[in-house]
Amino acid sequence: MSADLTFRQPTEADHARVLSVLEPWWGGLKGAAGAQERALLVPRLYFQHFTPASRLAERPDGTLAAFLLGFRSQTDPDTAYIHFVGVDPALHGQGLGRTLYTWFFARMRDCGVRKVKCITSPGNAGSRAFHARLGFTESEVLADYDGPGLDRVAFTRSIAEP
Ligand SMILES: CC(C)(COP(=O)(O)OP(=O)(O)OC[C@H]1O[C@@H](n2cnc3c(N)ncnc32)[C@H](O)[C@@H]1OP(=O)(O)O)[C@@H](O)C(=O)NCCC(=O)NCCS
């Protein structure tokens, strides 16, 4: 992974920058409908009210290299949730996604969280392979999980031990 990257907490000013990569970084997954679905999953409120456990990676010229949007569950303090993660395709396979997840696990463990959850689309093979390598257990396909036609697979991982 490039040693030149810097990591920081996102701000509201980063919202538009993250929206702009949801199409290219996902490689057109599920076409225009998929792009719209992803954009609707990342409203501004994540950059207003969910930033302490979220992270951006930037190159020295300020361009976005990766992001992770995550938070501690308001319902179950034992659990944290990774809502969205993306890495610039030019940097795939260099450990950047793992670095962001490892940071999130450590931060949440320090708060007393014991479990991390997230979901992905069944057709996102790269995401499923990544989460398997990161030690997550995958559910069966959950039909209509996020609404009619919006199937998902769910991932769970213990972070109780470093
Ligand atoms: C999924 C994603 C975040 C992975 O980021 P990354 O920086 O390329 O992943 P890493 O290099 O840290 O890989 C960590 C491990 O996962 C494995 N992995 C990552 N992507 C993989 C893929 N597409 N297929 C198989 N294995 C994969 C790596 O081989 C690595 O294994 P290792 O540590 O045992 O060598 C990135 O591919 C991405 O942004 N995809 C598009 C957006 C997306 O689908 N986000 C997730 C759903 S919200």
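**Pocket, sheet and loops**

Mentor: Start with the pocket lining: α2 (31-40), β4 (79-87), α4 (96-110), β5 (115-120), α5 (125-133) and β7 (153-158) each give at least two residues to the lining of the largest pocket. Keep in mind that this is a predicted model.

Trainee: How much space lies in the largest pocket?
Mentor: About 970 Å³.

Trainee: And how many residues line the largest pocket?
Mentor: The lining has 41 residues. Val85, Thr120, Asn124, Ser127 and His131 are the ones nearest the centre of the pocket.

Trainee: Which element supplies the largest share of the lining?
Mentor: That is β4, with seven residues.

Trainee: What does the lining look like by class?
Mentor: It has 19 nonpolar residues, 15 polar ones and seven charged ones.

Trainee: Back to Asn124. Where does Asn124 lie?
Mentor: In the loop between β5 and α5.

Trainee: Is Asn124 buried or exposed?
Mentor: Buried, because its relative accessible area is 16%, and the cut-off for buried is under 20%.

Trainee: What does Asn124 touch?
Mentor: Trp26 and Leu29, if you leave out residues up to four places away in sequence.

Trainee: New topic, the sheet. In what order do the strands come?
Mentor: Seven strands make an open sheet in the order β1-β2-β3-β4-β5-β7-β6, and the pairing is mixed. The edge strands are β1 (6-8) and β6 (137-138), each of which pairs on one side only.

Trainee: Which strands does α5 touch?
Mentor: α5 packs on the sheet and touches β5, β6 and β7. Its direction makes an angle of about 20° with that of β7.

Trainee: Let's look at β4 again. Do β3 and β4 run parallel or antiparallel?
Mentor: Antiparallel, with seven bridges joining them. A hairpin of six residues connects β3 to β4.

Trainee: What about β4 and β5, parallel or antiparallel?
Mentor: Those two run parallel, and three bridges join them. Thr79 has Lys115 in β5 as its bridge partner, and Ala80 is opposite Val116 in β5.

Trainee: Why is β4 described as largely enclosed?
Mentor: Because seven of its nine residues are buried, β4 is largely enclosed by the rest of the structure.

Trainee: Now the loops. Where is Pro60 found?
Mentor: In the loop between β2 (55-58) and β3 (64-72).

Trainee: Is Pro60 exposed or buried?
Mentor: Exposed, because its relative accessible area is 67% and exposed means over 50%.

Trainee: Last one, Leu142. Where is the place of Leu142?
Mentor: In the loop between β6 and β7. Leu142 is in contact with Asp151, Arg152 and Ala154, leaving aside its neighbours within four places in sequence.

Trainee: How many residues apart in sequence are Leu142 and Asn124?
Mentor: They are 18 residues apart in sequence, and 14 Å apart in space from C-alpha to C-alpha.

Terms used. Residues are numbered from 1 along each chain as its sequence is written. This is a predicted model: local features need pLDDT of at least 70, side-chain atom pairs count only at pLDDT 80 or more; totals for chains, interfaces and linings use all residues. Side-chain values use heavy atoms; hydrogens and water are left out. On a 1 Å grid over the protein atoms alone, a cavity is a set of points where a 1.4 Å probe fits but cannot get out, and a pocket is an open set with protein on both sides within 12 Å along at least five of seven lines; lining residues have an atom within 4 Å of a point. Grid points are joined across faces, edges and corners, and a volume is the space filled by probe spheres set on the points. Helices (H or I, at least four residues) and strands (E, at least two) are DSSP runs, numbered from the N terminus. Ala, Val, Leu, Ile, Met, Phe, Trp, Tyr, Cys and Pro count as nonpolar, Asp, Glu, Lys and Arg as charged, and the others, Gly among them, as polar. Buried means under 20% relative accessible area, exposed over 50%, partly exposed in between (1.4 Å probe, protein chains only). Contact means heavy atoms within 4.5 Å. Two strands pair if DSSP finds at least two bridges between them. Axes are lines fitted to C-alpha atoms, for helices over the stretch in contact, and angles run from 0 to 180 degrees between N-to-C directions.
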